[in-house]
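Here is a friendly walk through a structure, one region at a time. Have the viewer open and follow along.

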Amino acid sequence: MTAQPTLLAIALTVLATVAIASTADIGDRQKLMKSNGAATKPVVAMLKGEAPFDLAVVQKSLANYQDNIGQFVTLFPDDSKTGEKTSASPKIWEDMAGFKAAADKFAADAKLASASITDEASFKANMPAVLKNCGSCHEAWRVKDAQ
Amino acid sequence: MARLIRSIIAAMVLAGFALYWLSDFDAYSVFRSDQRLKSSRAPDPVNGKILFAAGGCVSCHASPGSTDRRHIGGGQPLKTPFGIFYPPNISPDPIDGIGQWTSVQFVRALREGTAPDRHSYYPAFPYPSYRHLSPEDAADIFAYIQTLPAIRGKVQDHALDFPYSIRRGLGLWKLAFLNGGVIEPDPTRSEGWNRGRYLVEGIGHCAECHSPRTIAGVILAEKRFSGGPAIDGKGFVPNLTPDPTGLADWSEGDIASLLKDGLTPDADSVGGAMAEVVRNTAELSEADRRAMAIYLKSLPPIEGHSRTK
């Protein structure tokens, strides 16, 4: 008699955890992408000549990209395909290896740029290649309001 | 009684003939023959190149697997709720492409959705927008296409679901919905606004994705530009009107800048199909991108699906 409510409680707890886990992952993904956006904004302003070049800010942004993207790719469990207005394309789960390779490329490009950017000229020469990753990944792996 | 039945059958046969005739290309030219198809001047491929970019022709007609944006052999599947479309080869190849077309045939195809063999195109090819182009501009696009490499290979037929697979139905669809004409400048508005309107409403065909449609596949006029469901059924296309759910807090500069580098004011990089659109608009002049922004900011604000950031 008592086993049933206990089982039910366990089942409910498991369900709730799963639900929380997946929405938490989606929320964290979105936070990391917002953080990437915040890191990109000053960099784009510098590229456009709307803000003075600041090496420290550039290096910080490049470091943020590497940290964020490393975490980002771990936040796509199977139970996080929908919910919380996710913009993740279903393609991510169809081709997880391709998705991870794209993330690795972004991290590698940011790392390379971090080593080669020392002044404004090297910034203007190397930064666009890093930012190109934003567009190519969003084109392939993101669908606005996918659900 | 027998007479009544005979009359009904006769009426039905007549109605059938009428419907058949109405769905024909000839009916369209009889009812809407006000359209001019011949350009009044020598073709200008330089202008054609600009319009080709503004129209994003290559985005649908690209040869699969080719990275050369001048290869327009067609064939990349376009998945829609109606079935799969395979955009045709529009390269100047004389056999598989449009190399043997005349300029007038091209203008008719672009502006009226009618092929040289008189069949109608599906409006997945956005001729309801291209209809707003002048015959001169349309002929210039044709002249530009003639300068591109000829690509061999005929594209397979569309794989559409019934009843969309009945191509003849398009004749009726056009009679019912394909109207309007060349967009002429509004003398009370600035040159930039007029240029922007011409690009956005015409060759740019922005409303084709950024608007909801009726069940008949026609853009809902009162919701034009307020965003719509993505054509492949996944996701949502943003509201372009200056409403809080759209571009209210964007400046003209923000819009022009997005059309150049694909970045929103928050430094987010546009994705999905818009990434490809930006590859095209990036080829336009700063003035043209700014003109499109001026026009979009002048639209009446319409509430749409709210954007997630």
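## A buried cysteine in chain B

Cys57(B) counts as buried because it has 21 C-beta neighbours inside 10 Å, and the cut-off for that class is 20 or more. Please keep in mind that you are looking at a predicted model. Cys57(B) is found in helix H4 of chain B. Leaving aside residues up to four places away in sequence, Cys57(B) touches Phe52(B) and Ile72(B). Asn280(B) sits 223 residues from Cys57(B) in sequence, yet the two are 8.7 Å apart in space, C-alpha to C-alpha.

## Helix H3 and its cover

Which residues of helix H3 (residues 45–55) of chain B are buried? They are Gly48(B), Ile50(B), Leu51(B), Phe52(B), Ala53(B), Ala54(B) and Gly55(B). What covers the buried residues of H3(B) includes helix H4 (57–61), helix H7 (135–145), helix H9 (191–203) and helix H11 (272–281) of chain B. After H3(B) comes Gly56(B), with a positive phi near 60 degrees.

Helix H1 (residues 2–22) of chain B is another one to look at. H1(B) is hardly covered, and the count of buried residues among its 21 residues is zero. From its first C-alpha to its last, H1(B) reaches 30 Å, close to the 30 Å expected at 1.5 Å a residue.

Chain B has an open sheet of three strands in the order E1-E2-E3, with antiparallel pairing. Strand E1 (78–80) and strand E3 (159–160) of chain B are the edge strands, and each pairs on one side only. E1(B) and strand E2 (residues 83–85) of chain B run antiparallel and are joined by three bridges. In E2(B), Gly83(B) is the bridge partner of Thr80(B).

## Backbone details in the loops

In the loop between E3 and helix H8 (169–177) of chain B you will find Pro163(B). The peptide bond from Phe162(B) to Pro163(B) is cis, and its omega is near 5 degrees.

Two other loop residues have a positive phi. Arg118(B), in the loop between helix H5 (103–112) and helix H6 (127–130) of chain B, has a phi of about 75 degrees although it is not a glycine. Arg118(B) is partly exposed, with 13 other C-beta atoms within 10 Å. Ala267(B) lies in the loop between helix H10 (252–261) and H11 of chain B, and its phi is near 65 degrees, again positive in a residue other than glycine. Ala267(B) has 19 C-beta neighbours inside 10 Å, so it counts as partly exposed.

## Chain A: helices throughout the pattern

Chain A has five helices and zero strands, and along the sequence its pattern reads α-α-α-α-α. Of the 147 residues of chain A, 30% count as buried. Among contacts in chain A between residues at least 6 apart in sequence, 75% join residues at least 24 apart.

How do two of these helices pack? Helix H4 (residues 96–116) of chain A and helix H5 (residues 120–141) of chain A have axes 9 Å apart, at an angle of about 170 degrees. That angle makes H4(A) roughly antiparallel to H5(A). By class, this contact has 11 nonpolar, four polar and two charged residues. The residues that meet include Phe99(A), Phe106(A) and Ala113(A) in H4(A), and Met127(A), Val130(A) and Trp141(A) in H5(A).

## Where the chains meet

In the contact between the chains, 15 residues of chain B are in contact with 15 residues of chain A. The side of chain B that touches chain A has six nonpolar, six polar and three charged residues.

How values were computed:
Residues are numbered from 1 along each chain as its sequence is written. Chains are lettered from A and ligands numbered from 1 in the order in which they are written. This is a predicted model: local features need pLDDT of at least 70, side-chain atom pairs count only at pLDDT 80 or more; totals for chains, interfaces and linings use all residues. Two residues are in contact if their C-beta atoms, placed from the backbone, lie within 7 Å. Ala, Val, Leu, Ile, Met, Phe, Trp, Tyr, Cys and Pro count as nonpolar, Asp, Glu, Lys and Arg as charged, and the others, Gly among them, as polar. Two strands pair if DSSP finds at least two bridges between them. Helices (H or I, at least four residues) and strands (E, at least two) are DSSP runs, numbered from the N terminus. The expected span of a helix is 1.5 Å times one less than its number of residues. A residue is buried if 20 or more other C-beta atoms lie within 10 Å of its own, exposed if 12 or fewer, and partly exposed in between; C-beta atoms are placed from the backbone. Axes are lines fitted to C-alpha atoms, for helices over the stretch in contact, and angles run from 0 to 180 degrees between N-to-C directions. Angles under 35 degrees count as roughly parallel, over 145 as roughly antiparallel, 65 to 115 as roughly perpendicular and the rest as oblique.
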